[in-house]
Amino acid sequence: MTPSRTPSPRRSAQPPRVALAFAGGGPLGAIYEIGALCALDDCLRGLDFNGCDHYVGVSAGGFIAAGLVNGLTPRQLCEAFIEDRQGDDQFDPAWLMKPAWGEFLDRAARLPGLLGGALWAWAAEGKSATNAFERMGAALPTGVLDNEGIHQQIERLFSKPGRSNDFRRLRARLTLVATELDTGEAAPFGQPGWDHVPISRAIQASAALPGLFPPVVIEGKHYVDGALKKTVHATVALDEGVDLLLCLNPLVPFHAGSGSGRIPSLVEGGLPAVMSQTFRSMIHSRLALGFKHYERAYPDTDIVLIEPDQRDAKLFFANTFSYRQRRELAEHAFQQTRRLLRDRANTLGPTLARHGISLDEVALNDPDRRLLPVEPVQRETALDRLRGALDTLEQRYQPQRA
C-alpha cells in the first residue's frame, strides 16, 4: 500500500472529491477487499466509505462498489459475504458452484451438426483430419459454472427499501466495467448510455471470467470479465477530477523465495500454482503501468493503492470456496491491512491529511481489535466421539455376553 507520488498542494478550498476503485479477483478478491475495507473503516477518521463521489468496480470488486454506494457499510458487507448468518442479506459463494447445465445442453445440441460437417469436410472435401475436426471446438462449453445466481441474488439484495438496482437512482456515481467479447472494448455500465442496465446484471457481466462462467448476454451482445481490458479502470473516475483515489487490488504475484512461502519454488505446486502466478503477474504488471500513466496524466490527484504483501503465502494458497477459510482470510486481510497502515503511517498520513483524513492511532495499535469474533474451540469433540464409539461397542457386546 503506497501513495503513488509526492502530493502537490491542494488548489481548492472545496470539500475533497473522493473515489474508490476495486479490482477483481474472484471470491478471493472479494474476501480480501472486504477485510481490508473493514480495517480502513476502523482506522481512518474523516472518510465515509458510503459517502464517496464515485465508485468503480471490476469483476468481484463490482459487488463491493455497488454495496457501498447502496448504503451497505463495510461491516454489513462482511456479514453478507463472509459470516454465516442466515438472513435476507446473506450472499453465499457456494451459489457460484452450480454447473452451467444450460450451456452444456446448448453445446451438446450442436454436436451432431458439427460432427457431420467435420466428417463431410474430411471424406468429401479431402481436408486433413486436423483441419476438418477443428470445428468441433464449437461444441465445448464457454463456461463450466452457472453465473445467473449472481444476478438473481444481487437483484434481491438491492431491491430492499433504501437500496436500488438502478444506476440512475443512486446518490453517487457507480461504474461497473465489463468487456464486450466480440470487440474487446470496455463496457462502462453506469456511465451515460450504459446506465439503463440493471446493476445486478452489470456485476454478473463484469465477473464473467472466460472459461469459468459463460459470457453474459445483454441486449444481444456478449460480455465477459472487465479485467480483460484493464485491472481497475480508474480512468473513469480520474477524468471527473477527483482529489483522492483509493484503490484496492487483491491479487499480486507471490515471492516464493522470501522465506514466508510453504514451498521453495512455485513449480513444486504444480499447474495450479504456476497458472495462478502467471495470471497474477500479468494483471499486476498491467496495473503498475496504469499507475505510472495516472501519475503523468492526473498530477492533481492523490492516488493510494492498497494490496497484499507479495510474501503473503496464506492468500496465495487459499481455497476461497471453503466457508471456514473465508472467515480466516477476511480476518487475515483485516490484520495485515492494519499492519501496513502502521508501517507506512509516516508517508501515508500526510497524504490523507490533505483531504481531511487521519489515522486513528488507538485503533491501529489496539492488539485485541478483530474483524470477527473468535470462534470457541471444540476441544472435546474428538473425545466425545471416542466415548460415543465405546458406548456403541459396549451396547453391542452386552447382549452377546448375556
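Which helix does I34 lie in? I34 lies in helix α1, where helices (H or I, at least four residues) and strands (E, at least two) are DSSP runs numbered from the N terminus. The model looked at here is a predicted one, so local features need pLDDT of at least 70 and side-chain atom pairs count only at pLDDT 80 or more, while totals for chains, interfaces and linings use all residues. Residues are numbered from 1 along each chain as its sequence is written, and side-chain values use heavy atoms, with hydrogens and water left out.

With a relative accessibility of 0%, I34 counts as buried; the cut-offs are under 20% relative accessible area for buried, over 50% for exposed, and partly exposed in between (1.4 Å probe, protein chains only). Setting aside residues up to four places away in sequence, I34 touches I64, P74, L77, C78, F81 and I82, a contact being heavy atoms within 4.5 Å. The C-alpha atoms of I34 and E79 are 9.9 Å apart, although 45 residues separate the two along the chain.

Next comes the inside of the fold. In soluble globular proteins, nonpolar side chains tend to be buried together. A nonpolar core is a set of buried Ala, Val, Leu, Ile, Met, Phe, Trp, Tyr and Cys residues joined through side-chain atoms within 4.5 Å. The largest such core has 78 residues, and L174 and F189 touch the most other members. Helix α1 gives the most to this core, with 11 residues. Apart from neighbours within four places in sequence, L174 is in contact with H54, Y55, A65, A66, V69, F167, F189, G190 and I199. There is also a second, separate core of 17 residues, with A21, V232, V242 and L245 among them. One of the contacts of L174, I199, belongs to helix α7, where I199, S200, A202, I203, Q204, A205 and S206 are buried. That makes α7 (residues 199–206) mostly covered, with seven of its eight residues buried.

The rings come next. A pair of aromatic rings is described by the distance of the centres and the angle of the planes. Rings of Phe, Tyr and Trp (its six-membered ring) pair if their centres lie within 6.5 Å; planes under 30 degrees apart count as stacked, over 60 as edge-to-face and the rest as tilted. The count by this rule is nine aromatic pairs. F189 is buried at 1% relative accessible area, whereas W194 is partly exposed at 26%. Ring pairs also link F189, W194 and Y223 into a cluster.

Another edge-to-face pair joins F254 and F317, with 5.8 Å between centres and 80° between planes. F254 sits in the loop between β9 (244–248) and α9, and F317 in the loop between α10 (313–316) and α11 (323–343), so the pair ties together parts 63 residues apart in sequence.

A pocket, on a 1 Å grid over the protein atoms alone, is an open set of points where a 1.4 Å probe fits, with protein on both sides within 12 Å along at least five of seven lines; lining residues have an atom within 4 Å of a point. The largest pocket has a volume of about 1100 Å³, volume being the space filled by probe spheres set on the points, which are joined across faces, edges and corners. Its lining has 39 residues, and G25, G26, P27, L209 and L212 lie nearest its centre. Helix α9 gives the most to the lining of the largest pocket, with eight residues.
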